Amino acid sequence: MEAAGEDCCESGPGYATPLLAMSGPREKLIYVTALYTGTGTAKPDYVATVDVEPSSTTYSSVIHRLPMPFLDDELHHSGWNSCSSCYGDRACERRYIILPSLLSGRIYIVDTKTNPREPFLHKFVEPAEVLEKTGLAYPHQPHCLASGDILVSCLGDEDGNAKGSGFLLLDSEFNIKGRWDKDGHSPLFGYDFWYQPRHKTMISTSWGAPAAFTKGFDPKDVSDGLYGRHLHVYSWPEGELKQILDLGDTGLVPLEIRFLHNPDKAMGYVGCALSSTIVRFFKKDDETWSHEVAISVEPLKVENWILPEMGGVITDFLISLDDRFLYFSNWFHGDIRQYNIEDPENPVLTGQLYVGGLVQKGSDVFALGEDGKTFQFDVPKIKGQRLRGGPQMFQLSLDGKRLYVTNSLFSVWDRQFYPELVEKGSHMLQIDVDTDKGGLSINPDFFVDFGSEPDGPALAHEMRYPGGDCTSDIWV
């Protein structure tokens, strides 16, 4: 996909509406964060450029690697310097991808416009400067704003305490402007966020205290209050914390959050990892916000595992640009699900596909059926390769017909739950989507093996197209 800046003489970046974005050009390239942090390989994390054009001779392969200048960053989530929120400003262009490093705290700025096939490092923001000016550390999720500024969620203070979480504001030149959240209005925990200007609202989610999750997952940390279960409702763009929604035991560890793309709609969903639920949030007639469980994934009774029951662990989800379908990954169970959400209060399962997981055939873990018999899930081999780990990060094509999937969550947790992933590396898949009746099928011709990278097996995480996508663009 060419950068949307091709229209720049008439408008800003992106598209006027989500539905117009669906008719944008097909993706040709995709940028993937790839990690050596936590793998034992003393190499820097990098941005992999993957060719996704079927007619290309280098289709389904990494065609360029941009290593960062430092070790032990843990590149994680990413965003753009400008997106469809800036569509009305012809002075803006989608040129730079913003790459916060979850562990080191460094924020990289990568130029993807000069040569989309060979992006290069433009500059970086040092963690010491962020800490000195804002007290924030552990940067996670960036979003571009209609003002030209960039907002980055940060998950804690220098010592990994969640009480130090908040939001970093950068200007269009990536200089630190300060904190976005007003003094005394920090979230209980930080992670993801999404803003909806027509409803003057931003809502953020809750992972946990960095001092806890950076050491691996310990269930005791949940009972000790080191993980979140709250949504934080802020006034937009003022940054005042107006409401805290306690999701309770059915909303433990809410991670990714997505409003519906239609900017007139005052509702959305959040994926809750530990409770394996999709929670719908919505604005009520009195202008306050509420929530309800929309989808629940039943735990599996299992043998040969650390616990007698295994939750699905919903780690990522997204919504198609026409707000018709919702997709999520069960990182433990190993399946990808597609739901029709045209009736947003009553999602309907329309597709399910197993592409890994802890209970796939050939593993040591067995699930117990209601009849008392054990079973495992059939997982196809792709290009002769057994699928490792479980499905994790998603990206959907603009037209909604192709879902790209990687399988690394966080290097420490990868090593804890999927050691084979760290030893043999990640992979990237492409799922074909039936957007008429619903349904998912794996593309047997697409397999990017990050286990065969030149510097050794790497962990693949988030993905972005040069022209924007349904998880980064916001309409105002």
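## Terms and model

Two residues are in contact when heavy atoms of theirs lie within 4.5 Å. This is a predicted model, in which local features need pLDDT of at least 70 and side-chain atom pairs count only at pLDDT 80 or more, while totals for chains, interfaces and linings use all residues. Residues are numbered from 1 along each chain as its sequence is written, and side-chain values use heavy atoms, with hydrogens and water left out.

## Confidence

The predictor's confidence in each residue, pLDDT, runs from 0 to 100. Its mean for the protein is 96, and 98% of the residues reach 70 or more. Over residues 1-9 pLDDT stays under 50; the model has 22 contacts beyond four places in sequence for these residues.

## Val476

Val476 is found in the segment after strand S32 (459-464); a strand is a DSSP run (E, at least two residues), numbered from the N terminus. Apart from neighbours within four places in sequence, Val476 has contacts with Ser85, Ala146, Tyr195, Pro197 and Arg198.

Val476 counts as partly exposed because its relative accessibility is 41%. Partly exposed lies between buried (under 20% relative accessible area) and exposed (over 50%), using a 1.4 Å probe and protein chains only.

## Asn443

Asn443 sits in strand S31 (residues 440-449). With a relative accessibility of 9%, Asn443 counts as buried. Beyond four places in sequence, the contacts of Asn443 are Tyr59, Ile382, Gln430 and Asp432.

The side chain of Asn443 also has a polar atom 2.9 Å from the backbone nitrogen of Asp445.

Notes:
Helices (H or I, at least four residues) and strands (E, at least two) are DSSP runs, numbered from the N terminus. A polar contact is a pair of N or O atoms within 3.5 Å; within protein, one must be able to donate a hydrogen and the other to accept it, and residues adjacent in sequence count only if both atoms are side-chain atoms.
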